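Q: Could you walk me through a few spots in this protein, with the cut-offs spelled out as you go?
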Amino acid sequence: MDYVLPNELVDGMIAAGGKKAHVSIKNLLLRGFYSGSALGLALCLALTIMHQTGLPWIGSLIFPFGFASIVLFGMELVTGNFALLPMAVWAGKTTWGKTFRNWMWVWIGNFLGTGLVGILFAISLTSGGTADLATGTGDWVAVANKIIGLNKANTIVKYQNLGALGFFLAFLRGLIANWLVCLGVTLALVSKSVPGKILACWLPITAFQALGMEHIVVNMFLHTTGPLLGSGVSLGTVVFWNYLPVTAGNIVGGMVFIGMLFYSTHRSTMSDVLPPVHDEKLERELAAELGAR
């Protein structure tokens with residue numbers, strides 16, 4: 001049956017969270033690097049399509065292909081881990097210390113992936129620094145200016161200029177973003193087939209992108225590439241007015257509204273809800289779906 005029951009899903013998520021807590025630093029960095037680079041590539045494609053069509057929602061509809069690849073390949077995305085690992089802690093399968101270790105190294109891996117893609121696109125969109133972004137024309141120049149505009153808007157205009165209210169709004173939008181992203185992760189894990197996984201995760205990811213919410217890994221790409229293109233936004237401004245509140249919001253959105261909610265309502269009182277007869281196929285599928293190998 002192409003369906004994982006909710007109690008089986010939660011039990012599998014807990015087991016996988018415990019295993020993720022012991023993944024080597026090398027693999028956390030490599031898997032995190034892939035995830036960051038995939039989202040950077042997907043976002044640049046989405047921005048290009050938005051410009052070419054003049055229809056922002058089409059770009060948002062295309063964007064989830066990068067996320068779908070992360071789910072299918074069992075890679076590490078720090079925002080998904082914000083929901084998964086606390087469930088393992090509450091079940092006694094790991095500790096908060098190991099959870100924070102996972103979050104830190106995956107965050108760094110995601111940043112390195114988005115950073116490399118940002119450097120490559122900064123070179124490409126400016127034709128090796130020869131394009132005039134102020135007066136130039138064409139898709140590449142337009143996309144470069146869009147990234148610059150988003151970099152300024154999502155640090156200075158929307159947040160720094162509003163002071164404490166802006167900091168809270170960045171946190172709030174980060175919370176909503178990862179509520180939707182972790183909903184996409186969970187929906188994908190309910191299906192065992194490739195089409196089912198892709199279809200299930202697509203709409204929540206489209207929603208967070210179309211709504212303009214704040215996802216820390218997507219922001220890593222925007223706020224690395226923007227300054228490289230000449231936005232003039234400082235690293236300190238990016239870290240304080242975006243990375244810090246958005247990461248905190250992503251943690252609360254994933255941990256509370258997905259991890260805690262699912263754990264509280266579907267956590268079995270039994271030690272294991274997997275079938276009493278050893279079902280290697282089901283165990284393998286749960287492990288692979290959750291990147292626990």
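A: Residues count as buried under 20% relative accessible area, as exposed over 50%, and as partly exposed in between (1.4 Å probe, protein chains only). This is a predicted model, in which local features need pLDDT of at least 70 and side-chain atom pairs count only at pLDDT 80 or more, while totals for chains, interfaces and linings use all residues. Residues are numbered from 1 along each chain as its sequence is written, and side-chain values use heavy atoms, with hydrogens and water left out.

Q: Okay, is leucine 162 buried, exposed or partly exposed?
A: Leucine 162 has 42% relative accessibility, so it counts as partly exposed. Leucine 162 sits in the loop between α7 (139–157) and α8 (164–190), where helices are DSSP runs of H or I with at least four residues, numbered from the N terminus.

Q: Switching to the rings, how many aromatic pairs are there?
A: The structure has 13 aromatic pairs, meaning rings of Phe, Tyr and Trp (its six-membered ring) whose centres lie within 6.5 Å, with planes under 30 degrees apart called stacked, over 60 edge-to-face and the rest tilted. One of them joins phenylalanine 82 and tryptophan 103 edge-to-face, at 4.9 Å centre to centre and 85 degrees between the planes.

Q: And where in the chain are phenylalanine 82 and tryptophan 103?
A: That pair links distant parts of the chain, since phenylalanine 82 belongs to helix α5 (residues 78–90) and tryptophan 103 to helix α6 (residues 96–125), 21 residues apart. Phenylalanine 82 is buried at a relative accessible area of 2%, and tryptophan 103, at 8% relative accessibility, counts as buried.

Q: Why is the pair of tryptophan 90 and tyrosine 263 called edge-to-face?
A: The ring centres of tryptophan 90 and tyrosine 263 are 5.7 Å apart and their planes stand at 65 degrees, so the pair is edge-to-face. Tryptophan 90 is in helix α5 and tyrosine 263 in helix α11 (residues 235–266), 173 residues apart. At 29% relative accessibility tryptophan 90 counts as partly exposed, whereas tyrosine 263, at 16%, counts as buried.

Q: Last one: what is threonine 99 in contact with, neighbours within four places in sequence aside?
A: Leaving those neighbours aside, threonine 99 is in contact with Leu85, Val89 and Thr94, contact being heavy atoms within 4.5 Å. Threonine 99 lies in helix α6 and is buried, with a relative accessible area of 0%. Its side chain reaches the backbone oxygen of threonine 95 at 3.0 Å.

Conventions: Helices (H or I, at least four residues) and strands (E, at least two) are DSSP runs, numbered from the N terminus. A polar contact is a pair of N or O atoms within 3.5 Å; within protein, one must be able to donate a hydrogen and the other to accept it, and residues adjacent in sequence count only if both atoms are side-chain atoms.
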